Amino acid sequence: MSALATQVLQGDRRALARLLTIVENAREGSDDALAALFPHTGHAHIVGITGPPGAGKSTLVNALTQALRTDQKTVAILAVDPTSPFSGGAILGDRIRMRDLAGDTGVFIRSMATRGSLGGLARASRDAVRLLDAAGYDHVLVETVGAGQNEVEIARMAQTVLVVEAPGMGDDVQAIKAGILEIADILVVNKADHPGLDNTVRGLKMMLELGHPASRTQVMSHHGRAMSVAAPVSASDDQPLWMPIIVQTVATEGRGIEALLDAIRAHRAHLHLDGHLQRLEHRQLEIELQERLRDALLARLLEHVSAQDMSVLIERIQQRRLTPNQAVETMLAGLRFGQFED
Ligand SMILES: Nc1nc2c(ncn2[C@@H]2O[C@H](COP(=O)(O)OP(=O)(O)OP(=O)(O)O)[C@@H](O)[C@H]2O)c(=O)[nH]1
Ligand SMILES: [Mg+2]
């Protein structure tokens with residue numbers, strides 16, 4: 001086993017930090033270390049925290065972490081910033097806000113900024129979560145800004161998803177996108193000290209009621225699914241439903257944090273009933289394998305197609321001598337490009 005992987009298992013924080021960098025950038029040794037650590041994963045409770053910018057996600061993560069520490073649990077925090085191409089900025093702000101947690105060896109904080117594509121970040125986040133899991137943290141909290149596809153991505157790697165909203169943030173229907181119902185296990189209305197609280201809570205409740213019972217199947221099969229498709233419930237799949245819980249918090253004052261923790265515990269207990277967790281993991285792995293396979297096949301194919309070949313094909317398409325689909329077929333068949341000359 002790689003020395004770093006062994007050190008991570010022994011609780012060496014510096015080794016964990018170094019290995020996270022290696023894995024994040026898919027550097028040499030990344031696959032071997034992940035393979036060595038993989039058998040040690042599957043123990044952490046992975047909680048995703050998403051929601052619009054400034055809703056109070058980091059403040060909540062901070063408060064939750066302190067509550068979990070009081071309960072003797074260890075916590076790893078992964079702040080994923082898909083909007084910033086640089087490490088720094090918002091993430092640095094998060095670090096400063098999280099200074100309350102600094103110096104506690106039961107807490108590990110890491111941020112990751114996007115490099116390249118969204119797909120790349122999804123891969124890197126999944127691998128990072130696995131390292132933190134293998135390192136033995138009881139809870140891994142993954143924070144990401146809810147914008148477009150990101151919320152769906154987080155649902156594909158977390159076991160419990162918190163969607164954080166705040167009153168007056170472009171209410172009501174606008175901020176409360178339909179997709180939230182399908183990914184949220186717990187809806188947190190943070191900044192409960194702000195005006196407009198009742199409107200926001202009412203809006204969310206209405207949405208949940210609308211989604212029930214007609215969309216039952218969507219509610220229970222939300223994780224990692226093609227979101228618009230309601231999965232039919234088979235006879236063997238007749239587990240009790242999980243209806244998203246709404247919790248009100250004032251993260252800055254620690255208000256509602258115990259209730260939130262209770263909701264998280266309740267959802268975790270639900271997952272451990274009747275094989276829910278296994279089914280959730282199965283669906284998530286199915287999606288992950290498809291993504292990895294697609295990326296690997298594309299990379300392998302592109303090894304055999306030079307930029308020059310590609311631009312020749314594009315010219316042919318522009319000359320209307322080749323359809324885009326024919327160009328793809330050409331590449332797949334590994335044919336010589338000259339064949340299309342007439
Ligand atoms: N009044 C009030 N302010 C809050 C509350 N929670 C957070 N804030 C403040 O709201 C601001 C944003 O909080 P963050 O925790 O950084 O929000 P975030 O969702 O992590 O923001 P991004 O990571 O930038 O998307 C900060 O100034 C917090 O102090 C709350 O419950 N009440
Ligand atoms: Mg934040």
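1. Overall burial and fold. Of the 342 residues of the protein, 37% count as buried. The coordinates come from a predicted model, and every remark below should be read with that in view. The protein contains 14 helices and seven strands. Among contacts between residues at least 6 apart in sequence, 74% join residues at least 24 apart.

2. The two sides of helix α3. Helix α3 spans residues 30–37, and within it A33, L34 and L37 are buried. These residues lie on the same side of α3, because they cover an arc of only 100 degrees around the axis. On the other side of the helix, D31 and A35 are exposed. The reader may wish to display α3 with both sets of residues marked, A33, L34 and L37 as buried and D31 and A35 as exposed.

3. Which residues come nearest to ligand 1? Of the 16 residues around the ligand, they are P53, G56, K57, S58 and T59. Helix α4, residues 57–70, supplies the largest share of this shell, namely three residues. Sorted by class, the shell holds six nonpolar, seven polar and three charged residues.

4. The packing of α4 against α11. Helix α4 also packs with helix α11, which comprises residues 257–271; the angle is about 75 degrees and the axes are 10 Å apart. The two helices are therefore roughly perpendicular to each other, because angles of 65 to 115 degrees count as such. On the α4 side the contact is made by A63, L64 and A67, and on the α11 side by I257, E258, L260 and L261. By class, the residues of this contact divide into six nonpolar, no polar and one charged.

5. Residue V61 within α4. V61 is likewise found in helix α4.

6. Two residues with positive phi. A26 has a phi near 50 degrees, a positive value in a residue other than glycine. This residue is found in the loop between α2, residues 13–24, and α3. A26 counts as partly exposed, because it has 13 C-beta neighbours inside 10 Å. K191, also not a glycine, has a positive phi of about 60 degrees. K191 is found in the loop between β6, residues 186–189, and α9, residues 197–210. K191 is buried, because 25 other C-beta atoms lie within 10 Å.

7. Residue A17 in helix α2. A17 lies in helix α2. How many residues apart in sequence are A17 and F108? They are 91 residues apart in sequence, and their C-alpha atoms are 9.2 Å apart in space. A17 counts as partly exposed, because it has 13 C-beta neighbours inside 10 Å.

8. Residue V328 in helix α14. V328 lies in helix α14, which covers residues 324–333. With 13 C-beta neighbours inside 10 Å, V328 counts as partly exposed; the class lies between the cut-offs of 12 or fewer for exposed and 20 or more for buried. V328 and L313 are 15 residues apart in sequence, with a C-alpha to C-alpha distance of 9.2 Å.

Key: Residues are numbered from 1 along each chain as its sequence is written. Chains are lettered from A and ligands numbered from 1 in the order in which they are written. This is a predicted model: local features need pLDDT of at least 70, side-chain atom pairs count only at pLDDT 80 or more; totals for chains, interfaces and linings use all residues. Helices (H or I, at least four residues) and strands (E, at least two) are DSSP runs, numbered from the N terminus. The arc is that of the directions from the helix axis to the C-beta atoms. A residue is near a molecule or strand if its C-beta atom, placed from the backbone, lies within 6 Å of it. Ala, Val, Leu, Ile, Met, Phe, Trp, Tyr, Cys and Pro count as nonpolar, Asp, Glu, Lys and Arg as charged, and the others, Gly among them, as polar. Axes are lines fitted to C-alpha atoms, for helices over the stretch in contact, and angles run from 0 to 180 degrees between N-to-C directions. Angles under 35 degrees count as roughly parallel, over 145 as roughly antiparallel, 65 to 115 as roughly perpendicular and the rest as oblique. Two residues are in contact if their C-beta atoms, placed from the backbone, lie within 7 Å.
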